[in-house]
Amino acid sequence: MHSIVHELTIAAPPERVFRALTDTTELGRWWGGSITGEVREGGELRCEGDRPLHLRVDTLDAPELVHFDVLDGPEEWTGTQIAIRVEPDPEGSASVVRFWHGGWEYDDGSLPRVSFGWALDLDALRRSIEG
């Protein structure tokens with residue numbers, strides 16, 4: 001299996017970053033589209049828009065970790081997992097976001113495009129928080 005991995009620093013405390021990852025209104029701002037459902041362990045989210053997805057929240061450990069199982073979406077996405085970990089940076093003035101999207105069967109196909117899309121989405125997350 002193959003994975004997509006990204007890391008970025010956001011100039012905000014972990015609690016603020018985690019809120020942007022787990023509040024459906026804020027998720028919609030940076031991820032694009034309408035997001036409905038409940039962000040709680042066992043809760044499900046539906047993401048409408050350019051990239052329709054149906055996700056289940058597998059793990060929620062505020063303000064550090066959220067893990068999703070992709071239940072339905074674009075063909076190669078179904079059955080993959082997404083984990084986002086938020087930690088204070090070493091100086092304590094920002095947050096380090098570690099992103100992982102794993103379980104990809106192929107390293108070609110849509111994986112390279114999805115990785116690039118995640119890079120853009122994560123930059124949108126940073127901009128939505130930092131202003």
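This is a predicted model: local features need pLDDT of at least 70, side-chain atom pairs count only at pLDDT 80 or more; totals for chains, interfaces and linings use all residues.
Start with the helices. Two packed helices are described by the angle between their axes and by the distance between those axes. Take helix 1, residues 14-22, and helix 3, residues 111-130. They pack at an angle of about 120°. Their axes are 11 Å apart. Angles of 65 to 115 degrees count as roughly perpendicular and those over 145 as roughly antiparallel, so helix 1 and helix 3 are oblique to each other. Their crossing is right-handed.

Which residues make this contact? Helix 1 brings R16, V17, A20 and L21. Helix 3 answers with L125, S128 and I129. By class, the contact of helix 1 with helix 3 holds five nonpolar residues, one polar and one charged.

Now turn to helix 2. Helix 1 packs against helix 2 at an angle of about 85°. Here the axes are 5 Å apart. Helix 1 is therefore roughly perpendicular to helix 2. On the helix 1 side, the contact uses R16, R19, A20, L21 and T22. On the helix 2 side, it uses T24, E26, L27 and W30. Four of the residues in this contact are nonpolar, two are polar and three are charged. R16, A20 and L21 of helix 1 take part here, and they also meet helix 3.

Next comes the empty space. Rolling a probe the size of a water molecule over the atoms shows where such space is left. The structure holds one cavity of 30 Å³ or more. The largest cavity contains about 30 Å³ of space. Its lining consists of L21, L27, W30, W31, F68, I82, I84 and W118. Two elements give two or more residues to this lining: helix 2 (24-31) and strand 6 (81-88). Helix 2 gives the most, with three residues. What classes of residue line the largest cavity? The lining has eight nonpolar residues, no polar and no charged ones.

The largest pocket has a volume of about 170 Å³. Its lining runs through W31, G32, G33, C47, E48, G49, D50, R51, L53 and D121. By class, that is three nonpolar, three polar and four charged residues.

One backbone feature remains. The peptide bond from A62 to P63 is cis. Its omega is near -5°. Where does P63 lie? P63 is in the loop between strand 4 (53-61) and strand 5 (65-72).

Technical notes
Residues are numbered from 1 along each chain as its sequence is written. Side-chain values use heavy atoms; hydrogens and water are left out. Axes are lines fitted to C-alpha atoms, for helices over the stretch in contact, and angles run from 0 to 180 degrees between N-to-C directions. Helices (H or I, at least four residues) and strands (E, at least two) are DSSP runs, numbered from the N terminus. Angles under 35 degrees count as roughly parallel, over 145 as roughly antiparallel, 65 to 115 as roughly perpendicular and the rest as oblique. A crossing is left-handed if the near helix is turned anticlockwise from the far one by less than a right angle, and right-handed if clockwise. Contact means heavy atoms within 4.5 Å. Ala, Val, Leu, Ile, Met, Phe, Trp, Tyr, Cys and Pro count as nonpolar, Asp, Glu, Lys and Arg as charged, and the others, Gly among them, as polar. On a 1 Å grid over the protein atoms alone, a cavity is a set of points where a 1.4 Å probe fits but cannot get out, and a pocket is an open set with protein on both sides within 12 Å along at least five of seven lines; lining residues have an atom within 4 Å of a point. Grid points are joined across faces, edges and corners, and a volume is the space filled by probe spheres set on the points.
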